[in-house]
Amino acid sequence: MMARTIVPFGPQHPILAEPVRYTLELEEETVVGVDFELGWMHRGIEKGAEQDYNKAIFMCERVCGICSGVHSMTFVGCLEKAGDIPVPDRAKYLRTILLELERIHSHLLWIGVAADAVGFQNLFMLTWREREHVVDLMEAITGNRVNHSYVMPGGVRGDVDEKMAKHALEVLGAVEASAKFVADQASHDRTLISRVKGVGIMDKAMCLRYGVVGPNMRGCGIKQDCRSDGYEAYKWLDFEPVTFEGGDNLSRVMVRVLETFQSIELVKKCFKQIEPGPIMEEFKGGINGEAAYRCEAPRGELFYFIRGNGTKVLERVKIRAPTLANLMVTRELLLGEEFANIPVTILSFDPCFSCTER
Amino acid sequence: MAAEPSAAPKPKEIATKTAPGEVYDAPKDLEEFNAMAKKAYKNGWRFMCITALDKGENIELIYHFDTQKFVLYHIRYTVDPDVEHVSLVDMFPSAFLFENEVCELMGVKIKGIQGKLFLSKDMDGMHPLRKSFKIEEMLVKLQGPPEPHTIKQATKEDLMGMAGKTEADLKEDDACDFDEEEVAAKGKKDKPKPQKKAEEKEGDA
């Protein structure tokens with residue numbers, strides 16, 4: 001029997017921005033055993049959110065630092081479903097614009113981080129430069145770069161005038177042009193392709209068995225996206241999910257690249273279709289009811305469940321972030337991989353551990 | 001933190017709001033629950049997560065499934081926290097993390113699940129999402145009872161220690177500073193002043 005080596009991966013590792021501990025069992029260079037450990041980031045936000053729902057919105061927004069908008073959106077979606085709160089159409093469009101801008105920024109950020117992990121520093125700098133324009137645009141629309149505090153029960157906090165819409169379209173046009181150039185250059189890079197093609201292959205059955213969500217699922221050719229549910233303004237946008245056959249790291253990269261361009265198109269469509277009108281329906285009072293609601297975060301399906309007892313104080317807030325659903329499959333997926341491919345494969349799932357542990 | 005709803009007269013019926021097609025199934029016993037979970041497995045529905053609700057003595061578990069047709073399916077089942085519940089890991093491997101979470105944070109017992117995910121080893125036996133959980137009790141268990149706050153009069157030694165001086169320094173300070181006679185003379189000079197002022201005031205009146 002070959003000697004086995006145990007290699008700890010994390011909690012601090014150069015490619016991981018957040019702590020998680022993988023314990024890898026190796027036979028020479030091949031992984032034969034995988035285990036992971038969580039618990040470095042648990043903040044008890046579910047317990048903290050059992051309070052006045054107006055304050056809980058901001059608490060839920062702080063679950064994640066990258067996709068904060070979609071967290072507040074899903075929580076507010078739950079409140080609106082449970083409390084039968086009407087939302088004006090213009091607010092729905094504005095929310096969709098925020099969600100899609102957030103997806104562009106998150107995917108660009110992830111592509112940069114992944115490029116950094118495979119040693120392609122130039123791509124990292126180029127994508128993060130484009131991401132900065134998108135973040136600035138979000139700041140111009142909502143007033144904040146990261147925690148937007150934009151979505152409220154019954155509408156949104158700020159409107160977009162014609163001048164801003166024109167500016168947004170100009171910025172997005174520029175971002176699209178340079179992102180296309182970067183994608184074109186990167187997709188012809190032999191070194192990059194050799195690091196990701198045919199590595200970390202996940203088949204459809206494995207994907208469904210472990211309940212994988214988001215771009216990782218669509219990278220296996222499964223056409224499923226919560227945006228097809230038609231929440232907010234997606235029902236008016238003729239949305240079609242992007243899929244890519246293969247299930248390897250390359251297809252997970254490609255789904256995110258294609259989604260970035262799709263999101264730019266969706267934002268443009270929103271600005272085209274949006275009509276003047278009110279952006280907020282005033283709502284006051286308690287929430288009596290329970291409801292489940294889900295949205296498509298940049299990393300996959302985000303699920304919230306709330307229960308209100310007629311007062312302003314919520315009885316229970318349940319948050320299920322996409323990474324917690326994506327984590328279990330890595331125990332099987334990493335088996336048989338070469339050790340050098342492990343960082344890229346883990347990163348190809350776009351893990352976010354502060355979301356996972358809440 | 002969560003403020004307790006003060007003296008609610010009687011809990012109102014809480015309505016469950018659903019989207020078109022969304023179903024909440026409520027099995028009566030364990031057999032029915034197993035049959036429903038099997039149905040979800042056979043239909044190829046994706047397991048999403050488990051929500052646990054604290055209902056006082058009992059705990060209600062809601063199993064969420066995605067039917068892959070833009071519709072959610074839920075099974076709600078009330079369990080006694082002292083009785084071991086069945087695990088769905090055989091059918092849905094992804095349930096492992098969620099069952100661990102429910103065991104750890106809500107204190108449900110599930111067969112074959114240890115309930116170790118987020119919390120540290122010191123917090124064994126504490127379930128923070130329960131309504132009966134108190135942060136003060138947790139702190140006592142982790143750090144021991146809090147020390148009582150007492151106000152102590154500072155002694156001469158304490159003050160000298162703070163100033164970084166010893167007894168010898170203090171004697172030196174006393175020896176060199178002033179002439180006693182001069183101070184006494186100054187005191188005499190100062191004394192008549194208030195008397196004068198008093199006279200002036202009387203004069204004005």
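This is a predicted model: local features need pLDDT of at least 70, side-chain atom pairs count only at pLDDT 80 or more; totals for chains, interfaces and linings use all residues.
Me: Which strands form the open sheet of chain B, and in what order?

Reply: Strands of a sheet pair through backbone hydrogen bonds, either parallel or antiparallel. Here four strands of chain B form an open sheet in the order β1-β4-β3-β2, with mixed pairing. Its edge strands are β1 (23-25) and β2 of chain B, each of which pairs on one side only. From one strand to the next the twist averages 20°.

Me: In what sense do β1(B) and β4(B) pair?

Reply: β1(B) pairs with β4(B) (residues 72-79) in the parallel sense, over three bridges. V23(B) has Y73(B) in β4(B) as its bridge partner.

Me: How many bridges join β2(B) to β3(B)?

Reply: Nine bridges join β2(B) to β3(B) (residues 58-66), and these strands run antiparallel. L53(B) stands opposite E60(B) in β3(B). The two strands form a hairpin with two residues between them, and G56(B) in the turn has a positive phi of about 80°.

Me: Why is β2(B) described as largely enclosed by the rest of the structure?

Reply: In a regular strand the side chains alternate between the two faces of the sheet. As for burial, seven of the ten residues of β2(B) (residues 46-55) are buried, so the strand is largely enclosed by the rest of the structure.

Me: Which helices of chain B lie on these strands?

Reply: Helix α1(B) (residues 30-42) lies across β1, β3 and β4 of chain B, running at about 155° to β4(B). Helix α2(B) (residues 95-106) packs on the sheet and touches β2 and β3 of chain B; its direction makes about 10° with that of β2(B).

Me: How many residues of helix α3(B) are buried?

Reply: The count is zero among the nine residues of α3(B) (residues 135-143), a helix that is hardly covered. After α3(B) comes G144(B), with a positive phi near 85°.

Me: How do α6(A) and α10(A) pack?

Reply: An α-helix has 3.6 residues a turn, so residues three or four places apart point the same way. In chain A, α6 (residues 162-187) and α10 (residues 249-273) pack at an angle of about 160°, with their axes 11 Å apart. The two helices are therefore roughly antiparallel to each other, and their crossing is left-handed. Residues of α6(A) in the contact include A165(A), L172(A) and A179(A), and those of α10(A) include V257(A), F261(A) and I264(A). The contact residues divide into twelve nonpolar, one polar and two charged.

Me: How many residues does each chain give to the contact between chains A and B?

Reply: Chain A gives 38 residues and chain B gives 33. On the side of chain A, β6(A) gives the most, with five residues.

Technical notes. Residues are numbered from 1 along each chain as its sequence is written. Chains are lettered from A and ligands numbered from 1 in the order in which they are written. Axes are lines fitted to C-alpha atoms, for helices over the stretch in contact, and angles run from 0 to 180 degrees between N-to-C directions. Angles under 35 degrees count as roughly parallel, over 145 as roughly antiparallel, 65 to 115 as roughly perpendicular and the rest as oblique. A crossing is left-handed if the near helix is turned anticlockwise from the far one by less than a right angle, and right-handed if clockwise. Two residues are in contact if their C-beta atoms, placed from the backbone, lie within 7 Å. Ala, Val, Leu, Ile, Met, Phe, Trp, Tyr, Cys and Pro count as nonpolar, Asp, Glu, Lys and Arg as charged, and the others, Gly among them, as polar. A residue is buried if 20 or more other C-beta atoms lie within 10 Å of its own, exposed if 12 or fewer, and partly exposed in between; C-beta atoms are placed from the backbone. Two strands pair if DSSP finds at least two bridges between them.
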